[in-house]
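Look at the model first, then read on.

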Amino acid sequence: MTTLYGIKNCDSVKKARKWLEKNQIDYQFHDFRSDGITENQIGNWIDTLGWETLINKRSTTWKELDSNTKDAMNAQTAIQAILAAPTLIKRPLIEFNNQTMVGFKADIYQNLLLK
């Protein structure tokens with residue numbers, strides 16, 4: 001099963017959902033805000049992607065963190081930061097065929113999901 005994680009009002013998530021639907025790919029949408037997120041999920045994503053890839057440093061949420069928090073960020077502190085503010089995660093995050101990826105680019109989705 002393909003799972004797309006994000007928040008409903010994110011433009012990148014909307015584009016990914018539209019692409020998945022257009023290409024008739026069955027997926028489940030998981031909203032970080034309404035459906036929640038667990039420490040275990042975040043830890044697995046960090047193990048797979050690295051915290052530097054998982055966290056969106058261009059996000060408003062990241063920019064609002066104090067400089068000490070940003071400077072001390074590591075895999076463990078990233079988990080706690082994301083639990084406190086899930087919008088730190090780069091969106092969308094998609095899990096499919098035992099793979100995990102962040103961001104949306106139609107050509108990459110095409111190559112990975114429509115083999």
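Helix 1 (residues 11–22) packs against helix 8 (residues 106–113) at an angle of about 40°, with the axes 11 Å apart. That angle makes helix 1 oblique to helix 8 (oblique is what remains after under 35 degrees, roughly parallel, over 145, roughly antiparallel, and 65 to 115, roughly perpendicular). This is a predicted model: local features need pLDDT of at least 70, side-chain atom pairs count only at pLDDT 80 or more, and totals for chains, interfaces and linings use all residues. Residues are numbered from 1 along each chain as its sequence is written, and side-chain values use heavy atoms, leaving out hydrogens and water.

**Helix 1 and helix 8**
- The crossing of helix 1 and helix 8 is right-handed (the near helix is turned clockwise from the far one by less than a right angle).
- Ala16, Trp19 and Leu20 of helix 1 contact Ala106, Tyr109, Gln110 and Leu113 of helix 8 (contact means heavy atoms within 4.5 Å).

**Helix 3 and helix 7**
- Helix 3 (residues 39–49) and helix 7 (residues 75–84) cross at roughly 135°, and their axes come within 10 Å.
- That makes helix 3 oblique to helix 7.
- The crossing of helix 3 and helix 7 is right-handed.
- Glu39, Ile42, Gly43 and Ile46 of helix 3 meet residues of helix 7, including Ala75, Ile79 and Leu83.

**Around Leu54**
- Leucine 54 touches, among others, Ile42, Trp45, Ile46, Ile82 and Val102, not counting residues up to four places away in sequence.

Note on methods:
Axes fitted to C-alpha atoms, helices over the stretch in contact; angles between N-to-C directions. Helix = DSSP H or I, 4+ residues; strand = E, 2+ residues; numbered from the N terminus.
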